[in-house]
Number of protein chains: 6
Amino acid sequence: MTWKEYHSKVEDHILILPVGSTEQHGPHLPLGVDSIISERYSHAIAQKVKAVIAPTINFGYKSQPASGGGPLFPGTVDLNGATLTSLIYDVLKEFIDDGWKKILIMSGHYENDAFLAEACDLLLRNQKEAYPKILLTNWWDNISQEILPVIFDEVEFKGWAMEHAAITETSMMMYFTPDLVHENLITDDAIENPPTYQRFPPSETLIPSSGCLYTGKSSTAEKGRLIVDDVVNNIISILKKEFTVSEVKYV
Amino acid sequence: MTWKEYHSKVEDHILILPVGSTEQHGPHLPLGVDSIISERYSHAIAQKVKAVIAPTINFGYKSQPASGGGPLFPGTVDLNGATLTSLIYDVLKEFIDDGWKKILIMSGHYENDAFLAEACDLLLRNQKEAYPKILLTNWWDNISQEILPVIFDEVEFKGWAMEHAAITETSMMMYFTPDLVHENLITDDAIENPPTYQRFPPSETLIPSSGCLYTGKSSTAEKGRLIVDDVVNNIISILKKEFTVSEVKYV
Amino acid sequence: MTWKEYHSKVEDHILILPVGSTEQHGPHLPLGVDSIISERYSHAIAQKVKAVIAPTINFGYKSQPASGGGPLFPGTVDLNGATLTSLIYDVLKEFIDDGWKKILIMSGHYENDAFLAEACDLLLRNQKEAYPKILLTNWWDNISQEILPVIFDEVEFKGWAMEHAAITETSMMMYFTPDLVHENLITDDAIENPPTYQRFPPSETLIPSSGCLYTGKSSTAEKGRLIVDDVVNNIISILKKEFTVSEVKYV
Amino acid sequence: MTWKEYHSKVEDHILILPVGSTEQHGPHLPLGVDSIISERYSHAIAQKVKAVIAPTINFGYKSQPASGGGPLFPGTVDLNGATLTSLIYDVLKEFIDDGWKKILIMSGHYENDAFLAEACDLLLRNQKEAYPKILLTNWWDNISQEILPVIFDEVEFKGWAMEHAAITETSMMMYFTPDLVHENLITDDAIENPPTYQRFPPSETLIPSSGCLYTGKSSTAEKGRLIVDDVVNNIISILKKEFTVSEVKYV
Amino acid sequence: MTWKEYHSKVEDHILILPVGSTEQHGPHLPLGVDSIISERYSHAIAQKVKAVIAPTINFGYKSQPASGGGPLFPGTVDLNGATLTSLIYDVLKEFIDDGWKKILIMSGHYENDAFLAEACDLLLRNQKEAYPKILLTNWWDNISQEILPVIFDEVEFKGWAMEHAAITETSMMMYFTPDLVHENLITDDAIENPPTYQRFPPSETLIPSSGCLYTGKSSTAEKGRLIVDDVVNNIISILKKEFTVSEVKYV
Amino acid sequence: MTWKEYHSKVEDHILILPVGSTEQHGPHLPLGVDSIISERYSHAIAQKVKAVIAPTINFGYKSQPASGGGPLFPGTVDLNGATLTSLIYDVLKEFIDDGWKKILIMSGHYENDAFLAEACDLLLRNQKEAYPKILLTNWWDNISQEILPVIFDEVEFKGWAMEHAAITETSMMMYFTPDLVHENLITDDAIENPPTYQRFPPSETLIPSSGCLYTGKSSTAEKGRLIVDDVVNNIISILKKEFTVSEVKYV
């Protein structure tokens, strides 16, 4: 997209900023799962509403042991909180200076949330008008309760923090980028008793050595499609409500 | 406590740092609920293991609309994330420089977590030894599943984020500091549909005007006692495991 | 105080923010002397003018050897200057956003001054209007010259920096919280020749091993009462002049 | 790449970090030119030496009027210097913590240099050993003088700062991603007299309204191939010398 | 001094860093009084001990109304506290990296103290060895009590904060750089009642419109010489004690 | 200059801020070359237009090996980028608060540029009006192509980065301050092949041990005069164009 095309869309398009991470996702998934998923969701949303997709933020906040395996795994490349907040703040400020009024941050990494929200708050906390408006969301908070029994048909759902490199992420990757999933390496590993506290420095034995927090068995591309359709629908509803946009059909 | 008393306990005591907030808690509870509760828990723990309690951190991270009412309520006095992280970092560094090896951070404010964890990580991320060791926890993650039906005997449990100025906090305050609870002002207010996204700037109509996210009716001091005993027992178990301390009896 | 009570007072009350420290105060006084004293003064002032008292800031700037014993004493838990400035800045900004126009910072710790002033300046330096207005003061600058001979009836006055854990602080603590003063442990220790320079890293032998910079003997609760009455009167005069408030009588 | 594959390469591979920008590149080139080019160079280098390519940094330092058009063009999304430095610092620190010893930063954006170098210096300035070692380079400093006459066969070479959206970048894009080049929109625009100073706030008339600093006419994919082969060869020579790596053949 | 000369002195010389300010000093003195005085003292000290003098820091911390006139006077060009601390920290770190073991900071500006001390503490707080050692001092703390009656022979001494553009500074400037003193413009102005608190934003009427806080009448070059000789002697004594240097005679 | 003189010139004078460095300049030139040269240029400019010269910034950004010898040389005392940016930002903000509308930053140190520009951008990036306006320049970008053959009459010109302690700087110092040039120590040293990349940590053998990057032989005071006159004329032209000032004659 050239700068003139970009400029022509500022008035009536939504800007979507995908934010992922570079983080171990078990022996069967690539390091970029969170970035790929947030980017793919952004494209799926842009099929239904007028939207421009910004370049993906490929590094995120620090993986925590009980939700992503933590800092001890190779390949987990984390930003300090202040760095992520500054990065998102600067980028959002530039978008707003360019005239964007409706911005959606689509995060694919559990630990990003607080620092993304901090950036948004620092940028807009003194603003009295409703616009520019920024929405911050992710896929896991937008899965309908109704489809959970279908996804977790063979094992119990144990909370979203545990769904790292597990059934939901594996299924979505099988749907989005099947070539990047090593199905033969999917494990049955799981944390026994997720702790009710955080410990510093982190334990070296809390997490299964595979890096998986919960079983990825019973993942299917079909479950992935089901999740994606559901989440996209729910997010489109949010966009209709908050941004008063209407759905369009791109072929 | 004089500096000589303090110094004499460094070797065989745990240091507990209570971290609260100054935040609206509906019409029936004081602004200091989170500080009071974290401080009281610290004292209850110190009844059972050798511990020194540091001065309470009375200001916390930014209240979020869907878990604390958000920034628009008067009396909610929030710190920026970087400020809270620096504050906790500096204080922890001084404790460790004084020789403390076993530190427990007891938080009473939902939104503090990411920024407290960031401070701990920044301080200890390059440490190879197991000690000094810092544990970060709170009361809600340490409530046993078994007692939930007793607490939520009249209404459904809707998740901890909703438990702001609601049954659990009100019950604990009725147990800890009954004089500070205006029982006649307890409301039945609740957020209708908690959002699955964050919005900036925040909505002025999302939250009930009382500031309560969920009903506080059916709160009792007895439920408060039940929660506190349960949480303290669970945290003592953590301390025994992580710090290899033994339980003592103070009369 | 609930958020509604707090909100109702914004228009015609002063907001007082007590700022103390956690610092060794010799063998006879607790670590929290500066916090306790600033808090007690805040309450004494609130007996005479309409005022709301914010939660106390319990940690302060770095104790200096020649005015507080310095960093080598256990129990002295110091903040970096930038941290204290950010903390005070954030809190003051929130108060002002809540509508407070008249704010008094009551400090009880000698070394805090420059960093408290920096926070106030950063917050208000571009403001053209007279209000919101922040006053920053402490007890030692508001003791009348006239009462010094009564306080220092047995020994010479050697400057406020030396009055650490000495006659004035000990006398005020005997008046405010006699239970926290170990009178039998009061020493006659003093720095021989206070240095005319600062040295980094600090000397380990400059300060008496008790941590007292000057004798605390001849302290009495009566002297404490005299100081407190005098300081409160002087601060009330300042508030009348700067905030055009009138004195009220609470019983 | 999974974390186990990544981990297996730490010992004998180079890590390449592509750093680009999001910046206007005239009416004929996309906003992501600098990111695309740095990424493509990384892949070309990885064809000849054992290398792992990290996710691309898609946002860079502020475009300057006389080398990129400056902040007034829509679509130019810039980071503050401190943000870029923190981002690169954090990412490099994590790579080094993962065990990487040989790191190449491949930049495609003229203005990034000082802030990338600052990150490297802050990270390694106290290191006494030769490794880990970081090399920072770009394509323009590695073009051999010998090929300049071939590239600039129709117009004069006016310095690299002027080569923004001009012959060299356009030719490389025609070679790397011909689909993204709107050849019909290539202009003959040029800055008349590039200034010998910087001005704040920037002039609105200094830069041609197309955003091109120099003509892109006479660009060809063949020139692009020539540049790329030359630059890759020169960078391979650097890697051989500094990292004592040997060239490999991937088919 | 070339880098080779500089390098040859690292082992047995003291390094002196003069720190001043750019601040109004009444109608009769130049803006650079504090820089000039600190530089001249550095040279006077270097006449008596082996010393290298670093370039002067010409900007200092914020002038306060009651000790320098404050921010409302034109020509008062102040640094934020964090900036001054970073500046001094960076410079000291480089000196220490170059091998200097004995460093003296000679300040000529009252308000600098806390932020200079902060820089020194941040740099050396974790150092266990005695060297490198940094001393931080100024001229006013090193004036012997004995000479005060000679200096203040016509008017009362009212404390060092008041000695801004008054007798001591004016006398020293008459001794050091008589050409820069407009003797005919010396005023009798003085603050009536120096406040016992700080106020933000500052009052526009607290300070005499000349910028002088106390009378400069009765200043003489002879008093200047007396002060300088006294202060230099006292600082030489400190250097002998702390750095175990011996006095040398340069002709 | 007193504050009243300074204040009287705000309306119709330019403010010039000289920014130098403290950096090795070979065996024949002093550490302060960049500060001296930027200061002397400021004075030369102030001979031709109405201007006030601010105190010189004597420390600059980090010397780079291939343009200044780098951090390994004693006497090179560098600031971190963030420090230099804060320093310049604070000082410029104060000048603008004092009413200055036309500011010229005159830099004498190659590596300062990006961080000086960052300070200017951060300060003025949201300003819509043309004034206050800041120009940032240096001497090397303002040398006319025409005089290069005269300067480089005996050796080839190899780019400005190489002109460290070489012919141009040595010639200007011979013109400005001949007493500070050790002509007998001028070397013929030069970097053989300037690298096309930066390396961290820096090489200890890249730079000639003298610290000179290129020969200083064939320097003359006459060449210095030629450069200075040319540069001053060119900068005066810029000032006339950007600030619409007219040339004045001071005798």
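This is a predicted model: local features need pLDDT of at least 70, side-chain atom pairs count only at pLDDT 80 or more; totals for chains, interfaces and linings use all residues.
**Entry 1: chain A on chain B**

Residues are numbered from 1 along each chain as its sequence is written, chains are lettered from A and ligands numbered from 1 in the order in which they are written, and side-chain values use heavy atoms, with hydrogens and water left out.

**Entry 2: what the A and B contact is made of**

I found 35 residues from chain A and 35 residues from chain B in this contact. The buried area comes to about 2900 Å², with 52% given by carbon and sulfur atoms; buried area is the accessible area (1.4 Å probe) that two parts lose on being put together, summed over both.

Next I looked up the charges, and there are 6 salt bridges between chain A and chain B. A salt bridge here is a side-chain nitrogen of Lys or Arg within 4 Å of a carboxyl oxygen of Asp or Glu. K62(B) and D121(A) form a salt bridge at 2.7 Å, N to O.

Which element gives the most to the side of chain A that touches chain B? My answer is α5(A), with 9 residues. By class, that side has 17 nonpolar, 7 polar and 11 charged residues. In this sorting Ala, Val, Leu, Ile, Met, Phe, Trp, Tyr, Cys and Pro count as nonpolar, Asp, Glu, Lys and Arg as charged, and the others, Gly among them, as polar.

Two strands pair if DSSP finds at least two bridges between them; helices (H or I, at least four residues) and strands (E, at least two) are DSSP runs, numbered from the N terminus.

**Entry 3: chain A and chain D**

Chain D superposes too: a rotation of 180 degrees with 0.0 Å of shift along its axis brings chain A onto it, RMSD 0.0 Å. T83(A) is the residue of chain A that comes closest to the rotation axis, at 3.3 Å (C-alpha). Here 40 residues of chain A are in contact with 40 residues of chain D.

The two chains bury about 3200 Å² between them, 65% of it on carbon and sulfur atoms. W3(A), F59(A) and P74(A) supply 21% of the area that chain A buries against chain D, more than any other three residues. How many salt bridges cross this interface? I found 0 between chain A and chain D.

**Entry 4: last checks**

Within α4 of chain A, K93(A) and D97(A) are 4 residues apart, about one helical turn, and they form a salt bridge at 3.0 Å between the closest N and O atoms. I found no contact between chain C and chain D, whose closest C-alpha atoms lie 18 Å apart.

Notes:
Contact means heavy atoms within 4.5 Å. Copies are superposed by least squares on the C-alpha atoms of residues with pLDDT of at least 70 in both.
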